[in-house]
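Please look through the model shown here before reading on; the paragraphs that follow lead from the sheet to the metal site and then to the charged pairs.

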Amino acid sequence: MMDFHCHLDLFPDPNAIIERAIEDGTYILSVTTTPKAFPGTKRLAKSAPRVRTALGLHPQVAADRFDELGLFELMITETDYVGEIGLDGSKEFAASFDIQVKSFRRILDCCKEHGGKVLSIHSRSAAKAVMDELEVRGDGSTPILHWFTGTSAELDRAVEMDCWFSVGPAMLKSKKGVSTTRRIPKNRLLIETDGPFAKVMGRNLKPEDANLAVPYLSEIWEMPTGAVINQLRTNLQQIGKIAIR
Ligand code: MN
């Protein structure tokens, strides 16, 4: 049905992934990690009308790719979707945090200047900082917090700020992921895989695996799987309308 955050260009055989998605009728938000990767990744999807390519600069490479922000600003008019962007506050990326913030601010300002975009956002160990930035510079954009791992208070703040969320089977395997998902309003949730990085049972996830989230949602929402799928379809239509408005 949908995979609202995956890295199409990073699969060993992206064309096979696209072919399968076309066959299944899967809607995909294909995120990129660097502006340079955007044109080629967009080209991959040229025969796939249900795939949208997002322009991104991943916080984990923000320091190395800071000089690609000019390119980001040039290409912003080519898409309604931006991602993967955000901040990573984990120890491993502490040294680049200041530059991540600089980069995130320029991206948010650029989106705002162009009337706002739908944003797929990474916020690992940085939920508060991400929301502080969105509060100041997020006008007009619709943030989707992908694989949210913040506290419940942070989650409630994000809900209050009209954020959306994308959750996937790798996240739902954990108790914390389930309790987070329980607090997300039903009408602000999309499903994703974060493939090919995310794994379940040692296997790298592909877009069709986003459906593994459905039985979890059925249990969490106490709804039959058919009703879960209907809700997710409604949400997808809604975000599609927001993106092109
Ligand atoms: Mn990702």
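**Sheet, metal site and salt bridges**

Five strands, in the order β4-β5-β6-β7-β8, make up an open sheet with parallel pairing, where two strands pair if DSSP finds at least two bridges between them, and where strands (E, at least two residues) and helices (H or I, at least four) are DSSP runs numbered from the N terminus. Because β4 (81–86) and β8 (189–191) stand at the edges with a single partner strand each, one side of each is left without a neighbour in the sheet. The model is predicted, so local features need pLDDT of at least 70 and side-chain atom pairs count only at pLDDT 80 or more, while totals for chains, interfaces and linings use all residues. Residues are numbered from 1 along each chain as its sequence is written, and side-chain values use heavy atoms, with hydrogens and water left out.

Within the sheet, β5 (residues 118–122) and β6 (residues 142–146) run parallel and are joined by four bridges, and Leu119 has Pro143 in β6 as its bridge partner. Helix α5 (residues 127–137) packs on the sheet, touching β5 and β6, and its direction makes about 155° with that of β5; contact means heavy atoms within 4.5 Å, and angles, from 0 to 180 degrees, are taken between N-to-C directions of lines fitted to C-alpha atoms, for helices over the stretch in contact.

The manganese ion has as its protein donors His5 (NE2), His7 (NE2), Glu84 (OE) and Asp194 (OD), at 2.2 to 2.3 Å; donors are N, O and S atoms within 2.8 Å of the metal (3.2 Å for Na, K and Ca), and water is not among the atoms, so sites may look incomplete. Since Glu84 lies in strand β4 and Asp194 in the loop between β8 and β9 (199–200), the pair ties together parts that are 110 residues apart in sequence. Glu84 is buried at 1% relative accessible area, and Asp194 is buried at 9%, where buried means under 20%, exposed over 50% and partly exposed in between (1.4 Å probe, protein chains only).

The model contains 16 salt bridges, each defined as a side-chain nitrogen of Lys or Arg within 4 Å of a carboxyl oxygen of Asp or Glu. One of them joins Asp132 to Lys128, with the closest N and O atoms 2.7 Å apart; these residues are four apart in helix α5 and therefore separated by about one helical turn. Another salt bridge joins Glu135 to Arg157 at 3.2 Å between the closest N and O atoms, linking helix α5 with helix α6 (residues 152–160) across 22 residues.
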